[in-house]
Amino acid sequence: MGMHHYFKSLSDLEQIIRCPGKFKYQEHSVASHSFKVAKISQFLGTVEEQCGQEVDWRALYEKALNHDYAELFTGDIKTPVKYASKELKQLFSEVEEEMTRNFVEKEIPSEYQEIYLERFKEGKDETLEGRILAVADKIDLLYESFGEIQKGNPEPLFLEIYEEALRTILLYQDMNCVEYFMENIITDMLSEQFTEHEELNDITKWIIGECRN
């Protein structure tokens, strides 16, 4: 099938719904998530560059656009499940890596296989671009869960996801872009008025205080 099959698979990513099996007021696909993460990564990279960091923009865009392609084979796994233990997360990563390798070896022309194996590998590494991706991924997850909480979704899973995303972002609080996000963006988020506003505001402040002490 070759590259035709790959191009066709990009539309399939629009049909893979994030956080399946739970009531949601707004559905999000893996395709839309990848686009949003790329846009968020672009801004975070801009902040880092303005603060004097050297950003490899090609690497950042490739990491952001490709970071969840393997979910074409596995579907979306709920965050609290996927990260329940290091062993489970490692197992998921190994399955995704193996299925992605099989796809590349079967569908991508041989002269491009090494390039695409590199593009599809885990992008959240210790490089600046990998760290930006890790933050951008969680910022979009934070906004997805925030949207459900704001709309009054009673499912407690979304508060769990919100807390996990925020805690992960704060693991990178030494980064300029995270400092900017915490000081300028999340404050605007929490200034919006909605039914659970005070509770979420208190939870957010408690998590920030705990992670910074």
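Mentor: The account below goes from the helix pair to the core.

This is a predicted model, in which local features need pLDDT of at least 70 and side-chain atom pairs count only at pLDDT 80 or more, while totals for chains, interfaces and linings use all residues. Residues are numbered from 1 along each chain as its sequence is written, and side-chain values use heavy atoms, with hydrogens and water left out.

Helices here are DSSP runs of H or I with at least four residues, numbered from the N terminus. Helix α9 (residues 157–170) packs against helix α10 (residues 176–191) at an angle of about 150 degrees, and their axes are 11 Å apart. Axes are lines fitted to C-alpha atoms over the stretch in contact, and angles run from 0 to 180 degrees between N-to-C directions. The two helices, α9 and α10, are therefore roughly antiparallel (an angle over 145 degrees). On the α9 side, Y162, L166, I169 and L170 make the contact (heavy atoms within 4.5 Å); α10 contributes V178, F181, M182, I186, M189 and L190.

The largest nonpolar core has 41 residues, and L142, Y162, L166 and I186 are those with the most contacts inside it. Such a core is a set of buried Ala, Val, Leu, Ile, Met, Phe, Trp, Tyr and Cys residues joined through side-chain atoms within 4.5 Å, where buried means under 20% relative accessible area with a 1.4 Å probe, protein chains only. Leaving aside neighbours within four places in sequence, L166 is in contact with L142, M182, I186, T204, I207 and I208.

Technical notes: Parallel < 35°, antiparallel > 145°, perpendicular 65-115°, else oblique. Buried < 20%, exposed > 50% of the residue type's maximum accessible area, 1.4 Å probe, protein only.
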